[in-house]
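Please look at the sequence and the fold below before reading on. The report is meant to be read alongside them.

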Amino acid sequence: MKIFLISILMMLVCSLYTANSVAQRVYEKQQPPRKLSDEQTIRAASNYKKYCILCHGENRQGHVNDHAPSLRSKSLFESGVPHSILRPISYGRDGTAMGGYLDEVGGPMTLDEVWDLTYWLFWQSGAERKKLTESAVIGDIVRGEVVYQQNCASCHGKNGEGVNAPALGNQSALAHNKDEFIRYAIEHGRQDTPMVAFSGMLSEQDIDNVTAFIRSKASGWTLTKPVLREIPSPDEYVINPQNSSPNFMLTEDKFVSSKQLYAALKAKNKMVLLDTRVTSVWQRAHIEGAIPFPYYKDLEDKVTALPKDVQIVAYCSCPRAAAVHVIEKLAKLGYTKTAVLYEGIFGWMNMGYPVTRAENVAVESSDEAAH
Ligand code: HEC
Ligand code: HEC
């Protein structure tokens, strides 16, 4: 009888344990953020269209260029509003194609516009905000690494560098995102993307372990922003105006290699270099002599100072999407001496070619007054 009771008890404990190990954590609901006025809605939608569709897609579906994530998956907006959305839009993610859009770091939007865009994305997603804790997720980092290498590295990279998925080891992402936000993404996945929900596939404990492992890769918490430099004036557009033009061998009639561009810069050839990324990333680092010429600018007012007889080279970090977009717009206006840097600026940097960098200062938290 006694043995029978013990085994019943054991079975109960076991079934409780397994039920618990696959169950999802329960989160409280959080108040939704403020509603936007009609005017704010219109402005946010038009900012999205102007600045974001190039990579995140017309319908916020993501994965149009590079591996820009979906901006409509419910799990992102349940767990990420406001700061995991607001901060990447404001400051970008260093070393990825996601630049900062806040005017303070050299981007085109005011803080109010960035807040409105954050909330606009939330309302578009139809999500309900969940309450996440600020506390750390505690787990076994050594075990977490094993889980990571087995289940995550194929997409997120052996070292969290991002292969065809976001870079989980990215310092600006780790500085922006709370542990629970990371954990929530792993547990729930991101709807309609390759990121599946791991609840049910991994135990609760292993989800904690892998979260703790990812978190252990954050070596810094301080966000920085560059000291802004002057935007070059039209008389500075052409570099080495007295010298001869480069003689590029283009592939597919449009691409120039980093090697050829570097040789031309060293030979002091006459050229115009266009940095087609959002201007804030030009502020952080650019190829010397490049002028900011962001993909979203109306060309008409910009091009008057751009000569048609000088070799133009455009580059971006996507690695080519924004630059190709700009060159195609220029072609319609009659520019034919154009080329796109094949490897993009990250390829250029990875090959060891030089860039001009900004001085950085720490971002103060008061920069984000509550909205
Ligand atoms: C099949 C490829 C694939 C696998 C395997 C995978 N992921 Fe992902 N993951 C993605 C993609 C793609 C995204 C971006 C989804 C989107 O568009 O929002 C993502 C998003 C995420 C995010 C959210 C990042 C952010 O900034 O919002 C986290 C965290 C994450 N993955 C962690 C993991 C972990 C941990 C594992 C292993 C347990 C894993 N992923 C396995 C492809 C994958
Ligand atoms: C040139 C391509 C590009 C453009 C343009 C761009 N993004 Fe991104 N964005 C990315 C990439 C790539 C990532 C993922 C970076 C990483 O962490 O690996 C990203 C990440 C994000 C994230 C973080 C999402 C998450 O799952 O963690 C948000 C939010 C975001 N972008 C919003 C925007 C908004 C809003 C705009 C327009 C103002 C914009 N982006 C413009 C490429 C772009």
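This report goes from the whole chain to a ligand site and then to a pair of helices.

## The chain as a whole

What is shown here is a predicted model, and its chain contains 16 helices and 10 strands. Of the 371 residues in the chain, 42% are buried. When contacts between residues at least 6 apart in sequence are considered, 75% of them join residues that are at least 24 apart.

## The surroundings of ligand 2

Ligand 2 is surrounded by 29 residues, and the closest of these are Y51, C52, C55, A68 and M98. Sorted by class, the shell around ligand 2 consists of 20 nonpolar, 7 polar and 2 charged residues.

Two helices, α3 (53-56) and α5 (83-91), each supply at least two residues of this shell. It is α5 that gives the most to the shell around ligand 2, with 4 residues.

## Helices α10 and α11

How do the axes of α10 and α11 cross, and at roughly what angle? The axes of helix α10 (residues 179-188) and helix α11 (residues 204-215) come within 10 Å and cross at roughly 130 degrees. Because of this angle, α10 counts as oblique to α11, and the crossing in which α10 passes α11 is right-handed.

On the α10 side the contact is made by D179, I182, R183, I186 and E187, while α11 brings I207, V210, T211, I214 and R215. Taken by class, the contact of α10 with α11 has 5 nonpolar and 4 charged residues, together with 1 polar residue.

Note on methods:
Residues numbered from 1 in each chain as written. Chains lettered and ligands numbered in written order. Predicted model: local features only at pLDDT ≥ 70, side-chain atom pairs only at ≥ 80, totals over all residues. Near = placed C-beta within 6 Å. Nonpolar A, V, L, I, M, F, W, Y, C, P; charged D, E, K, R; others polar. Axes fitted to C-alpha atoms, helices over the stretch in contact; angles between N-to-C directions. Parallel < 35°, antiparallel > 145°, perpendicular 65-115°, else oblique. Left-handed = near helix turned anticlockwise from the far one by under 90°. Contact = placed C-beta atoms within 7 Å. Buried ≥ 20, exposed ≤ 12 C-beta atoms within 10 Å, placed from the backbone.
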